[in-house]
Amino acid sequence: MDILEKITELREERHWSEYQLAEKSGLTQSTISSWYRKGILPSIPSLAKICDAFGLTLSQFFIEEETQTIDLNSRQAVLLAYAARLTPEQYEALLNFLQKL
């Protein structure tokens, strides 16, 4: 698996720029762009922040697409789109709220 390619795919699926990913992940844009320029992989803590921004766990990030497909209805897709825009703190608050329902 090419980790940088996967980050790019996930970012482009959401129509995010590198700057938007940086904002949502709490990383600097220069950090993200340096991974690509220098061909280096993000550290595990940085990758965890990237995954949080995408609304994924690290294990979900590494799942090959061919091994698992999930069909979402339109309401689920809208919910995930809103969740993807949340800060990590807002996302945690949402998860806590949903668990209490």
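Predicted model: local features only at pLDDT ≥ 70, side-chain atom pairs only at ≥ 80, totals over all residues.
Residues are numbered from 1 along each chain as its sequence is written, and side-chain values use heavy atoms, with hydrogens and water left out. Local features need pLDDT of at least 70 and side-chain atom pairs count only at pLDDT 80 or more, whereas totals for chains, interfaces and linings use all residues.

Helices are DSSP runs (H or I, at least four residues), numbered from the N terminus. The N-terminal end of α1 is capped by aspartate 2. One of its side-chain oxygens lies 3.1 Å from the backbone nitrogen of leucine 4. This is a polar contact if a pair of N or O atoms lies within 3.5 Å; within protein, one atom must be able to donate a hydrogen and the other to accept it, and residues adjacent in sequence count only if both atoms are side-chain atoms. Just after α1, histidine 15 adopts a positive phi of about 60°.

Burial is defined by relative accessible area: under 20% is buried, over 50% exposed, and in between partly exposed (1.4 Å probe, protein chains only). In α1, the buried residues are Ile3, Leu4, Lys6, Ile7, Thr8, Leu10 and Arg11. They pack against α2, α3, α4 and α5 (58-62). An α-helix has 3.6 residues a turn, so residues three or four places apart point the same way.

A nonpolar core is a set of buried Ala, Val, Leu, Ile, Met, Phe, Trp, Tyr and Cys residues joined through side-chain atoms within 4.5 Å. The largest such core has 17 residues. Within it, Ile7, Leu21 and Ile50 have the most contacts. At least two core residues come from each of α1, α2, α3 (29-38) and α4. Helix α4 gives the most, with five. Contact means heavy atoms within 4.5 Å. Beyond its neighbours within four places in sequence, isoleucine 7 touches Leu21, Trp35, Tyr36, Pro42, Leu47, Ile50, Phe54 and Phe61. Serine 46 belongs to helix α4. This serine is buried, because its relative accessibility is 14%. With the same exclusion of neighbours within four places, serine 46 is in contact with Leu27 and Trp35.

Rings of Phe, Tyr and Trp (its six-membered ring) pair if their centres lie within 6.5 Å; planes under 30 degrees apart are stacked, over 60 edge-to-face, and the rest tilted. The structure holds two aromatic pairs. The rings of tryptophan 16 and phenylalanine 54 have centres 5.4 Å apart and planes at 15°, so they are stacked. Tryptophan 16 lies in the loop between α1 (3-13) and α2 (18-25), and phenylalanine 54 in α4 (residues 44-54), so the pair ties together parts 38 residues apart in sequence. Both tryptophan 16 and phenylalanine 54 are buried. The other pair joins phenylalanine 61 and phenylalanine 62, with centres 5.0 Å apart and planes at 85°, so it is edge-to-face. Phenylalanine 61 is buried at 0% relative accessible area, while phenylalanine 62 is partly exposed at 38%.

Charged groups also meet tryptophan 16. A charge sits over a ring if NZ of Lys or CZ of Arg is within 6 Å of the ring centre and within 35 degrees of the ring normal. Lysine 24 places its charged end over the ring of tryptophan 16, 5.0 Å from the centre. Arginine 14 does likewise at 5.8 Å. Arginine 14 also forms a salt bridge with glutamate 13 (3.8 Å, N to O). A salt bridge is a side-chain nitrogen of Lys or Arg within 4 Å of a carboxyl oxygen of Asp or Glu. By this rule the count is one. Arginine 14 is partly exposed at 24% relative accessibility, and glutamate 13 is exposed at 52%.
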